[in-house]
Amino acid sequence: MHKSVQDIINMKKEKKKISVITSYDYSLASLCDKAGIDVLLVGDSAGMVMLGYENTLNVSMDQMCMFTEAVSRARKNSLLVSDLPFMSYQASIEDAINNSGKLIKAGADAVKLEGGSIMAETISAIVDVGIPVMGHIGFQPQTTTLSQGYKVQGKTKDAAMRLIEDAKDLEDAGVFSIALEMVSHEVAEIISQTVSVPIIGIGSGVGCDGQVLVVQDLLGMYEKIKPKFAKRYMNLSEDIVKSLKDYKNDVISGTFPAEENWFSMEEEELEKLREQIGG
C-alpha cells in the first residue's frame with residue numbers, strides 16, 4: 001500500500017523530514033519509488049525537462065495526464081501529486097474541479113496548484129469534492145516570471161508578511177501541504193513553524209518540513225538550467241554522452257554488435273538454406 005495524504009501530514013507531527021522528487025516517466029519514477037522517496041511530484045516542469053519548452057506555460061492538461069499515468073504505473077510506495085498546469089484552474093472553480101478530477105483519474109492521489117490567498121476559494125472547492133490539494137507559494141513559475149522574473153521571494157518585511165498570510169489562508173482552505181519555492185530561509189522557517197501542514201521547500205532552506213528536487217537535476221541530466229538550490233549528486237549527462245560516443249565508435253569499428261549480441265541458426269538449418277539458395 002502506497003503512502004497516503006494523512007501519512008505525509010503525520011510526518012510533520014512526528015518531526016520526520018519529507019523527501020519529494022519531481023518525476024515524469026515510468027523508468028525514473030520506478031527507481032525513485034524503489035529508493036523510498038515519500039512523494040513523487042509530477043510537475044509541470046516536465047514541459048521544460050521532457051518536452052523542451054522554454055517555460056511551463058505551454059504545458060497542457062493532456063500532457064500532464066500522460067505524465068501522471070506513466071508515473072502512477074511505476075509507483076508502489078510513494079504518494080503521487082500532480083501539477084495543475086497554467087490556465088487549467090485560474091479561469092473558474094468549475095475548470096479547477098474538472099481538471100483536478102482528470103489528474104486523479106490519471107492516477108494522482110492529490111493535485112498541486114500555484115497561488116496564495118487569491119486561490120483559497122478555489123482550493124476549498126476542490127477539497128470539498130474530496131480531492132486533496134498541495135498549495136504552492138513563493139516563486140510561482142507559472143506567473144511570477146511574467147511579472148517579476150526569476151527572483152527570491154520574502155526578502156522584505158512586507159513581502160514576508162504576505163507570504164505568511166498566504167500560507168495561513170491556504171491552511172484554512174484545506175491544503176494538506178504547501179510547496180514553498182525560492183523563499184528566504186528565515187521566512188520559510190517561520191512559515192513552517194506557523195502552520196500545521198507540512199511545508200515542502202524548493203530552494204527555501206533547511207527549516208522546511210521537507211525538500212523537493214527534480215530528479216534530472218539531482219542526477220545531473222538536465223543542462224539547460226542549473227538552479228542554485230539544486231544539489232547534484234551525480235553528473236550523468238557527461239557519462240551518458242561518453243557512453244553514446246563509445247557506442248557510435250563501436251558501430252563504426254564493427255566491434256558492436258559482437259557474437260554475444262546476436263542470434264544464430266542451427267548449422268544444419270543453415271546448410272539447408274545455403275543449398276536452397278545455391279550458396
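Trainee: What do the buried residues of H1 pack against?
Mentor: They pack against strands S1 (18–22), S2 (39–42), S3 (79–83), S4 (110–112) and S7 (199–202), and against helix H9 (185–194). Keep in mind that this is a predicted model, where local features need pLDDT of at least 70, side-chain atom pairs count only at pLDDT 80 or more, and totals for chains, interfaces and linings use all residues. Residues are numbered from 1 along each chain as its sequence is written, and side-chain values use heavy atoms, with hydrogens and water left out.

Trainee: Which residues of H1 are buried?
Mentor: In H1 (residues 5–13), they are Val5, Ile8, Ile9, Met11 and Lys12. Seen down the helix axis, these fall within an arc of 150°, so they line one face of H1. The arc is that of the directions from the helix axis to the C-beta atoms. Buried means under 20% relative accessible area, exposed over 50%, partly exposed in between, with a 1.4 Å probe and protein chains only.

Trainee: And how are helices and strands assigned?
Mentor: They are DSSP runs numbered from the N terminus: helices are H or I, at least four residues, and strands are E, at least two.

Trainee: Now H6. At what angle does it pack with H8?
Mentor: H6 (residues 120–128) and H8 (residues 157–173) pack at an angle of about 25°, with their axes 8 Å apart. That makes H6 roughly parallel to H8; angles under 35 degrees count as roughly parallel, over 145 as roughly antiparallel, 65 to 115 as roughly perpendicular and the rest as oblique. Axes are lines fitted to C-alpha atoms, for helices over the stretch in contact, and angles run from 0 to 180 degrees between N-to-C directions.

Trainee: Which residues make the contact?
Mentor: Ala120, Ile123, Ser124 and Val127 of H6, with Asp169, Leu170 and Ala173 of H8. Contact means heavy atoms within 4.5 Å.

Trainee: What else covers the buried residues of H6?
Mentor: Besides H8, the cover includes helix H5 (93–105), S4 and strand S5 (133–138). The buried residues of H6 are Ala120, Thr122, Ile123, Ala125 and Ile126.

Trainee: What follows H6?
Mentor: Glycine 130, whose phi is positive, near 100°. H1 is followed by lysine 15, with a positive phi near 60°.

Trainee: What does methionine 61 touch?
Mentor: Not counting residues up to four places away in sequence, methionine 61 touches Leu84, Pro85, Ser88, Asn99, Lys102 and Leu103.
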